[in-house]
Amino acid sequence: MRDPKLEAEKICNYVEDLSKGKLHFKEDIYRLTELSIQSGKMEQLEELSFHAKFSKGIINIIQKKDERLENDYLRTIEKEYLDTVIKIRELLTNILSEATDFLRTIFEEKYLQLTHESMNNLKFLCEDLSFLKLYFNDMKYGK
């Protein structure tokens, strides 16, 4: 059986290299990875990283607000973003269900409250998780 701490460290080092050292919440990525390995929830972590990368792409489109984009299209992608954030929150909650009460409380306060600070933290966590998605892609395609 693989050591969850060592495996999580190896993955996080790879992810940090992919980000060129620009992770916002490296420790939290490590904690989520270690917890996912320990609890057999790597599929949920991979799904979380997919939705995080998707949300990052949508945010980029929304923030640019190109005047050539129709209002209907903007409303559609804003709804897609909201749906994706809801899914991200569900996946985080699922992964954290195996965590200690202390760790779960930290993540809930930092990322899952409906405050400006928490939503901003969640956006940055999604940026970090988008690099984790790149890691999963690299492992899938044997890089």
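Predicted model: local features only at pLDDT ≥ 70, side-chain atom pairs only at ≥ 80, totals over all residues.
Buried here means under 20% relative accessible area. In general, side chains of opposite charge can pair when their charged atoms come close.

Two of the others share aspartate 28. One goes to arginine 31, with the closest N and O atoms 2.8 Å apart. Aspartate 28 and arginine 31 are 3 residues apart in helix 2, so about one helical turn separates them. The other goes to lysine 110, and here too the closest N and O atoms are 2.8 Å apart. This second pair links distant parts of the chain, running from aspartate 28 in helix 2 to lysine 110 in helix 5, 82 residues away. Put together, Asp28, Arg31 and Lys110 are linked in a network of salt bridges. As for accessibility, aspartate 28 is buried, at a relative accessible area of 3%. Arginine 31 is partly exposed at 32%, and lysine 110 is partly exposed at 25%.

Helix 2 itself checks out on length. It covers residues 26–38, and at 1.5 Å a residue its 13 residues should span 18 Å; the end C-alpha atoms are 18 Å apart, which agrees. Besides Asp28, the buried residues of this helix are Ile29, Tyr30, Leu32, Thr33, Glu34, Leu35, Ser36 and Ile37. What do they pack against? The buried residues of helix 2 pack against helix 1 (4–18), helix 3 (42–64), helix 4 (71–96), helix 5 (101–112) and helix 6 (116–140). After helix 2 comes glycine 40, whose phi is positive, near 70°.

On the nonpolar side, the largest core has 34 residues, and those with the most contacts inside it are Leu45, Leu48, Leu92, Leu122, Leu125 and Leu132. Helix 1, helix 2, helix 3, helix 4, helix 5 and helix 6 each give two or more residues to this core. Helix 6 supplies the largest share, at 8 residues. Setting aside residues up to four places away in sequence, leucine 45 touches Leu32, Thr33, Ser36, Ile95, Leu132 and Phe136. Thr33 and Ser36, among these partners, are also on the list of buried residues in helix 2.

Then there is lysine 87, found in helix 4. With a relative accessible area of 28%, this lysine is partly exposed. Its contacts, leaving aside neighbours within four places in sequence, are Glu47 and His51. Lysine 87 also lies 9.4 Å from alanine 52, C-alpha to C-alpha, although the two are 35 residues apart in sequence.

Key: Residues numbered from 1 in each chain as written. Heavy atoms only, no water. Helix = DSSP H or I, 4+ residues; strand = E, 2+ residues; numbered from the N terminus. Expected span 1.5 Å × (residues − 1). Buried < 20%, exposed > 50% of the residue type's maximum accessible area, 1.4 Å probe, protein only. Contact = heavy atoms within 4.5 Å. Core = buried A, V, L, I, M, F, W, Y, C linked by side-chain atoms within 4.5 Å. Salt bridge = Lys/Arg side-chain N within 4 Å of Asp/Glu carboxyl O.
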